[in-house]
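Please look over the sequence and the structure below before reading on. The paragraphs after them go through the model part by part.

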Amino acid sequence: METSKTKGIYLLDSFIKSVSSIVYPHHCAYCGRPLEDGYFCEECYKKLPFIEGNTCSVCGCPVSEGMDVCYECKSSSFYFYKNVSIFMYTSKFSDVVHKFKYHNGRYLAKPFGAFMAERLKKDNISTDFIIPVPLHPRKEEERGYNQSGLLAKYIGRILDISVLNNVLIRDVYTQSQTKLKKESRRENMCGAFSVKNKEVIYGKTILLIDDIFTTGSTMNECSRVLLNNGAGGVYSATLATGR
Ligand SMILES: [Zn+2]
Ligand SMILES: [Zn+2]
């Protein structure tokens with residue numbers, strides 16, 4: 001028999017459920033299937049484009065067995081020691097990254113950050129500080145968050161490394177990188193970043209965090225600016241590689 005009390009409990013229960021479905025991501029980020037828990041369904045988890053096997057010792061993209069650096073890295077040099085990426089930036093995965101960056105998919109920073117931290121641990125990359133590639137303040141305000149900053153937060157938590165958000169600054173409101181060709185991307189980055197509070201990073205090793213590694217021009221420019229301001233060395237980690 002339904003009393004007003006049980007009805008009240010039922011209403012409260014459905015209210016909590018509807019609120020929690022907004023707060024918690026109960027859908028697979030890959031196929032949209034409803035989930036009780038987690039971020040990906042079992043099937044999609046198996047399909048995630050994890051980078052496995054031999055990788056380029058500079059940019060972290062997959063290379064054939066026996067190769068040390070990829071063809072692109074043979075003809076370019078970077079200011080950072082090496083970059084580590086977790087996923088291939090396939091077209092399917094780019095949809096998830098798009099969700100993460102633009103459609104309030106900030107909750108994905110938690111599993112993505114955990115994947116990145118696990119990989120950095122495995123590769124024995126430990127640094128004094130973590131610095132996310134910053135957005136221009138206007139862009140961060142438009143988007144509501146910096147996706148790289150969120151990744152950095154979780155990675156820092158897991159690896160117990162402090163995250164510095166007040167050192168590397170993006171001064172120039174740059175055009176979206178995706179529409180630019182390789183050469184213009186490089187020019188586009190020049191002078192985009194500066195360093196504040198440089199005494200903090202003097203002689204320290206820094207781990208830079210970003211979402212996608214494509215030409216490496218963003219990471220390279222950030223590394224150059226950090227080293228110019230006294231950092232001892234820079235590592236780079238990105239969620240996915242577009243190489
Ligand atoms: Zn799925
Ligand atoms: Zn490479």
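This is a predicted model: local features need pLDDT of at least 70, side-chain atom pairs count only at pLDDT 80 or more; totals for chains, interfaces and linings use all residues.

Residues are numbered from 1 along each chain as its sequence is written, and chains are lettered from A and ligands numbered from 1 in the order in which they are written.

The sheet is open and has 5 strands, in the order E1-E7-E6-E2-E3, with parallel pairing. Strands (E, at least two residues) and helices (H or I, at least four) are DSSP runs, numbered from the N terminus; two strands pair if DSSP finds at least two bridges between them. Strand E1 (83–88) and strand E3 (162–163) are at the edges, and each has a single partner strand, so one side of each has no neighbour in the sheet. In general, the strands of a sheet pair through backbone hydrogen bonds, either parallel or antiparallel.

E1 runs parallel to E7, and 5 bridges join them; Phe87 stands opposite Ala240 in E7. Of the 6 residues of E1, 5 are buried, so E1 is largely enclosed by the rest of the structure. Here a residue is buried if 20 or more other C-beta atoms lie within 10 Å of its own, exposed if 12 or fewer do, and partly exposed in between, with C-beta atoms placed from the backbone.

Strand E6 has 8 of its 9 residues buried, so E6 too is largely enclosed by the rest of the structure. On one hand, E6 pairs with strand E2 (residues 129–132) in the parallel sense over 4 bridges, and Ile131 stands opposite Leu208 in E6. On the other, 8 bridges join E6 to E7, again parallel. Asp210 has Thr238 in E7 as its bridge partner, and Phe213 has Thr241. From E6 the chain passes through helix H9 (residues 217–228) to E7, a β-α-β crossover that is right-handed; that is, with the strands pointing away from the viewer, the path from the first strand over the helix to the second runs clockwise.

Which helices pack on this sheet? H4 does, touching E1, E6 and E7, and its direction makes about 115° with that of E6. Helix H5 (residues 109–122) also packs on the sheet, touching E1 and E7, with its direction at about 130° to that of E1. Axes are lines fitted to C-alpha atoms, for helices over the stretch in contact, and angles run from 0 to 180 degrees between N-to-C directions. Two residues are in contact if their C-beta atoms, placed from the backbone, lie within 7 Å.

In H4 (residues 91–102), Val96, Val97 and Phe100 are buried. They cover an arc of only 100° around the axis, which puts them on the same side of H4; the arc is that of the directions from the helix axis to the C-beta atoms. These buried residues pack against helix H7 (147–159), strand E6 (205–213) and strand E7 (233–241). The face turned away from the buried side carries the exposed residues Ser91, Asp95, His98 and Tyr102. After H4 comes Asn104, whose phi is positive, near 55°.

Finally, Pro62 lies in the loop between helix H2 (42–47) and helix H3 (71–74). Pro62 counts as partly exposed because it has 16 C-beta neighbours inside 10 Å.
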